[in-house]
Amino acid sequence: MAVYLCHEQPHLYEHDALIVDARPGAVVLSRSAFHPGGGGQVSDIGKIETAQGPVGVTHVEVDGDTWWHVLGDPEARLEGDVVVSVDADHRRRVASLHTMSHVLNAFVFEEFQGSLVTGAQINGDGTGRMDFDLSAIDNDRLRALAAPVNDVIRRGLDVTAVYVDSEEAAATPGLVRSMSVAPPPTPDGRLRLIDVDGLDRQACGGTHLDNTAESRPFEIGKIENKGKHNRRVRFRLGE
Ligand SMILES: [Zn+2]
């Protein structure tokens with residue numbers, strides 16, 4: 001995983017760029033503040049402003065190191081200098097839900113003796129889910145974790161990204177808690193950790209809030225049994 005522009009400058013929502021490759025309905029940019037998605041998180045959405053007007057970007061398609069910004073108009077052919085905008089509301093919804101999924105993960109890990117995440121999905125509409133390797137537990141105990149998660153929102157804990165040596169991180173128990181969503185190290189062997197102050201440290205390449213107080217309330221919806229060792233917890237942001 002490279003260090004993305006959105007990792008270096010998480011509050012950059014608009015910038016200039018040059019189109020370096022194009023096909024009808026998609027472009028590659030010289031630089032992009034978009035998050036390309038991954039680890040279950042949807043990509044950013046936004047728009048690209050050209051001399052002819054704005055064109056929406058519906059998602060990013062990752063092809064190796066190349067990010068195709070897929071346009072709302074499949075016929076659009078863009079070229080030259082452009083202004084790139086990331087949809088800030090979409091980013092905030094995804095970052096909120098993603099940050100609070102770390103908090104939920106921390107409480108599940110604590111409550112159920114080291115249970116790991118087997119999958120996650122963070123959508124653009126304020127809904128998401130996580131799968132945990134849990135068997136033979138009472139779903140009400142899982143549902144009850146919404147209360148301490150909302151308490152973390154009220155307490156307003158700082159959320160920061162730190163980079164550590166990946167070998168050192170691998171030797172720290174509980175740090176890479178997810179079986180499927182942990183990001184690979186950066187080319188120089190560092191791992192990006194998201195630190196929720198005093199509560200959780202977790203390897204992750206996604207987008208997050210700066211403080212848990214920025215999140216809307218966290219609601220747990222349906223809990224499903226997906227196979228013998230798998231619980232799927234659906235959640236969403238409340239009003
Ligand atoms: Zn994350």
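Biologist: Is Arg92 buried, exposed or partly exposed?
Modeller: In this predicted model, Arg92 is partly exposed, because its relative accessibility is 43% and that class lies between 20% and 50%.

Biologist: Which residue does Arg92 meet in a salt bridge?
Modeller: The partner of Arg92 is Asp89, with an N to O distance of 3.2 Å. Asp89 is also partly exposed, at a relative accessible area of 46%.

Biologist: Where do Arg92 and Asp89 lie?
Modeller: Both belong to helix H2, which covers residues 88–111. They are 3 residues apart, about one turn of the helix.

Biologist: And which residue forms a salt bridge with Glu111?
Modeller: That residue is Arg141; the closest N and O atoms are 3.2 Å apart. Glu111 is in helix H2 and Arg141 is in helix H3 (residues 139–143), so this pair ties together parts that are 30 residues apart in sequence.

Biologist: What are the accessibilities of Glu111 and Arg141?
Modeller: Glu111 has a relative accessible area of 30%, and Arg141 has 36%. Each is partly exposed.

Biologist: Changing topic, is Asp195 buried or exposed?
Modeller: Asp195 counts as buried, because its relative accessibility of 14% is under 20%. Asp195 forms a salt bridge with Arg201, the closest N and O atoms being 2.7 Å apart. Arg201, at 37%, counts as partly exposed.

Biologist: Lastly, how many salt bridges are found in the whole structure?
Modeller: The search finds 11.

Terms used
Residues are numbered from 1 along each chain as its sequence is written. This is a predicted model: local features need pLDDT of at least 70, side-chain atom pairs count only at pLDDT 80 or more; totals for chains, interfaces and linings use all residues. Side-chain values use heavy atoms; hydrogens and water are left out. A salt bridge is a side-chain nitrogen of Lys or Arg within 4 Å of a carboxyl oxygen of Asp or Glu. Helices (H or I, at least four residues) and strands (E, at least two) are DSSP runs, numbered from the N terminus. Buried means under 20% relative accessible area, exposed over 50%, partly exposed in between (1.4 Å probe, protein chains only).
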